[in-house]
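Let's work through a few exercises together. Have the sequence and the 3D view open, and try each task before you read its solution.

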Amino acid sequence: MFAAENGLKGDPRLEAISAAIRVVPNFPKKGIMFQDITTLLLDHKAFKHTIDIFVDRYKDMQISVVAGVEARGFMFGPSIALAIGAKFVPLRKPGKLPGKIHIALKFLGFFVVDDENGNTVIIGKVISESYELEYGHDRLEMHVDAVEPLERVIIIDDLVATGGTLSAAISLMESQGAEVVECACVIGLPEVKGQHKLKGKPLYVLVEPSGLDEFC
Amino acid sequence: MLFLLYILLLSLCHRAPAIRLPSNNSKTPFLLRSVCVSLHLISYHLALLFFRRVNSSKASRDSETMATKEDVQDPRIPKIASSIRVIPDFPKPGIMFQDITTLLLDTEAFKDTIDIFVERYKGKGISVVAGVEARGFIFGPPIALAIGAKFVPLRKPKKLPGKVISEEYSLEYGTDKIEMHVGAVEPGERAIIIDDLIATGGTLAAAIRLLERVGVTIAECACVIELPVLKGREKLGETPLFILVTSDAA
C-alpha cells in the first residue's frame, strides 16, 4: 500500500522525496518513463527522509534480514539494515555471487529443478530464480547460507513495476524457510496501485512515479 | 636568558653544534671551564631532543594519511577482518576472492566498518561520496548519509539513464568503462571514492580521473580490503588510500 494511505498522508517528507526523483523519457527503450533515483541520492535531506521512513516502520518489527535487489536496492537496503540492527543480504544478477558451483554438479546427483517460466533452480550453493521484468526477463541469485529458516525478512528495491523481480525474491526467501514480512519500494508504478499484496505478501511504497500522464 | 636563547638557536639550526671548548691554555679557572663545557653539552642534547620531537610528530602526521591501522590498530579491525570470507578460484582459477557478503551478515562488523569510515570523514568538508558499482553501493550510501554528503553512483556502461561522462580503463584482457551522470557533482567539491576492495587499482584510478575531469578534488580513496601484492596503490598517483584490512591472498 502507499505510505500516504498508511499513516503518512500529508507528510511533507513524501513530497520532498517525490520532487527529488528525476524522470528520464524513453530509457532503456522507447515508451518507458524511467524513474531516476540518482537525483534523490544527491539530495541528502530527501535521501535521509526516505531511509528514516523505512526505519521508523520496521525498527520494531523484529526484522533480522534486509534483502536488497541489485543494484539500486543496494543503495537503500544497507542503511535500513544498519539502523534496525538487521543483516543485509544482496540479491544479485547471475554469476556475481562467489561460491557458485557449476551446473556440472547436476551429474553428481545434485537436485536441480529448472523451469522456463521462473521456478526455483538449485545450482550448488547458490540458488537462483528467473523472472519476468517490465522489459525482458532476468535471473536473481542469493547465497543459501545468507538466511535461516524462520527469519523475518523485508525485501527492498527502488521501484516496483510488474512485481516480477520482487516475486522472484520472495520465492528465494521462502525456499530457505524465511518469512517475508513485507516488500518495500521507494516508487510504485500504477500497475501496483490498489494491489496491497504481492504473492500474498504486503507491499509498502512511498511515492507514485512523477511525470506520468494521469490514467482515467 | 642568554642560555635559553642559545638553546633556541641551536634547535633552529637542526644540526649538532660544534662545541668549542675553552682551551687548556687559557687563564680561565678550571671550574669555570667545566661549567662552560657542561652548559654546551646540555644545550646540545636539549637541542637534539627538541629536534627529534619535531621529527616524530611530523612522521605521525604523515602516517595519518596512510592506512592508520599500521599505527595503533583499531580494536574493531580484527573482527571485521575475520568476518570476510575467502573463496578460492572465483571468478576464475587462481583468484582468491574476498567475499564481503559475510561481513554484511555480521551486524556488528558491518556497523563497525561504516563507523570507522564515518569517524574518519565527518567534518572534513567532504560533500561527495562516490561509490563504484556494485559493492561500492553497499558501503557508500550509509557513509554519505552519516557525514551529510551526496551519494554518487559510478556505474558500468548504459546503466545510468541520463546524460553521462565516461572514463575507460584497462582490464587484463581488453577495456571497460565507468560512467557518472553529468551534473551529479560540481567543480570545487571534495569527494571520497568508496569500493569494497582495491586489487590492481584500475577501476579506482578511472574513478579518480572521471571526477577530476569535472573539477572535483579527491580527498581520499577508501576500501575495506587491499590486495597489496597487486600494487593497486601505485595507480592512484597522488591520491591517498585508506584501507581497513590487507590480504596477502591474490
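**Exercise 1. Where does B:Cys223 lie, and is B:Cys223 buried or exposed?**

Step 1: B:Cys223 belongs to strand E8 of chain B, residues 217–226; strands here are DSSP runs of E with at least two residues, helices are runs of H or I with at least four, and both are numbered from the N terminus. This is a predicted model, in which local features need pLDDT of at least 70, side-chain atom pairs count only at pLDDT 80 or more, and totals for chains, interfaces and linings use all residues. Residues are numbered from 1 along each chain as its sequence is written, chains are lettered from A and ligands numbered from 1 in the order written, and side-chain values use heavy atoms, leaving out hydrogens and water.

Step 2: check the cover. B:Cys223 is buried because its relative accessibility is 0% (buried is under 20% relative accessible area, exposed over 50%, partly exposed in between, with a 1.4 Å probe and protein chains only).

**Exercise 2. Which side chain does A:Glu70 join in a polar contact?**

Step 1: A:Glu70 sits in the loop between strand E3 (65–69) and helix H4 (73–84) of chain A.

Step 2: its partner is the side chain of A:Arg92, at 3.0 Å (a polar contact is a pair of N or O atoms within 3.5 Å; within protein, one must be able to donate a hydrogen and the other to accept it, and residues adjacent in sequence count only if both atoms are side-chain atoms).
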